[in-house]
Amino acid sequence: HSSISSHTISNSNGKKSNSSSEYRDTIHQLEVKIEALKGDNVKLEKENQRLKNSMQVAEQRVKSSLYDQMLLHHQIQSMEEELLTAKASITRLTREVEDRKFARHNREEKDKKAAELHLQ
């Protein structure tokens, strides 16, 4: 700790001033600036923490959305497979119905011809 003597010096405009008083004023101004910077630093730290928290929330939402999208994708794949199975069943049943109609028609034709022959 050095002691500041109170002898006079010339400042930039040539006036004599008390160096101890100038130093005290300068120190006071610097202390005010330091306190202001400390306050700004605290504000910035709080804002930084708020942004980090917001990012964590956003990341969770993105992860949740991706998970939902993945589930929907799997559901779509499953439904597409069910649709293909249903279409195959419809095709098979349609073919069976057509086959039965054709067989019934053939039987009716045979019965008709047999009845015609029987009547002659």
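This briefing describes the fold, the surface and the side-chain contacts of one protein model.

The model is predicted, so that local features need pLDDT of at least 70 and side-chain atom pairs count only at pLDDT 80 or more, while totals for chains, interfaces and linings use all residues. Residues are numbered from 1 along each chain as its sequence is written, and side-chain values use heavy atoms, with hydrogens and water left out. The protein holds one helix and two strands, arranged along the sequence in the pattern β-β-α.

**Fold and burial**

- Helix H1 covers residues 19–119; helices (H or I, at least four residues) and strands (E, at least two) are DSSP runs, numbered from the N terminus.
- Of the 120 residues of the protein, 2% count as buried, where buried means under 20% relative accessible area, exposed means over 50%, and partly exposed lies in between (1.4 Å probe, protein chains only).
- The accessible surface of the protein amounts to about 11400 Å², with 57% of this area belonging to carbon and sulfur atoms; accessible areas come from the Shrake-Rupley method with a 1.4 Å probe, and for residues only the protein chains shown count as cover.

**Ser 20**

- Ser 20, which has its place in helix H1, counts as buried because its relative accessibility is 11%.
- The side chain of Ser 20 makes a polar contact with the side chain of Arg 24 at 2.8 Å; a polar contact is a pair of N or O atoms within 3.5 Å, and within protein one must be able to donate a hydrogen and the other to accept it, while residues adjacent in sequence count only if both atoms are side-chain atoms.

**Salt bridges**

- A search of the whole structure finds three salt bridges, each defined as a side-chain nitrogen of Lys or Arg within 4 Å of a carboxyl oxygen of Asp or Glu.
- Glu 35 and Lys 38 form a salt bridge in which the closest N and O atoms are 3.7 Å apart; both residues lie in helix H1, three residues apart, which is about one turn of the helix, and Lys 38 counts as partly exposed because its relative accessible area is 48%.
- Glu 47 and Arg 50 meet through their side chains in a salt bridge of 2.6 Å, N to O, and they too are placed in helix H1, three residues or about one turn of the helix apart; Arg 50 is partly exposed at 43% relative accessibility, as is Glu 47 at 33%.
- Arg 92 and Glu 96 form a salt bridge with 3.2 Å between the closest N and O atoms, and in helix H1 they stand four residues apart, about one turn of the helix; Glu 96 is partly exposed at 31% relative accessibility, and Arg 92 is partly exposed with a relative accessible area of 40%.

**Surface patches**

- Patches are made of residues with over 30% relative accessible area and no salt bridge, like charges being joined within 9 Å and nonpolar side chains (Val, Leu, Ile, Met, Phe, Trp, Tyr) within 5 Å.
- Glu 108, Glu 109, Asp 111 and Glu 116 form a negative surface patch, where Lys and Arg count as positive and Asp and Glu as negative, and His and the chain ends are not counted; the place of a charge is taken as NZ of Lys, CZ of Arg, CG of Asp or CD of Glu.
- Glu 116 lies in helix H1 and is partly exposed, with a relative accessible area of 42%.
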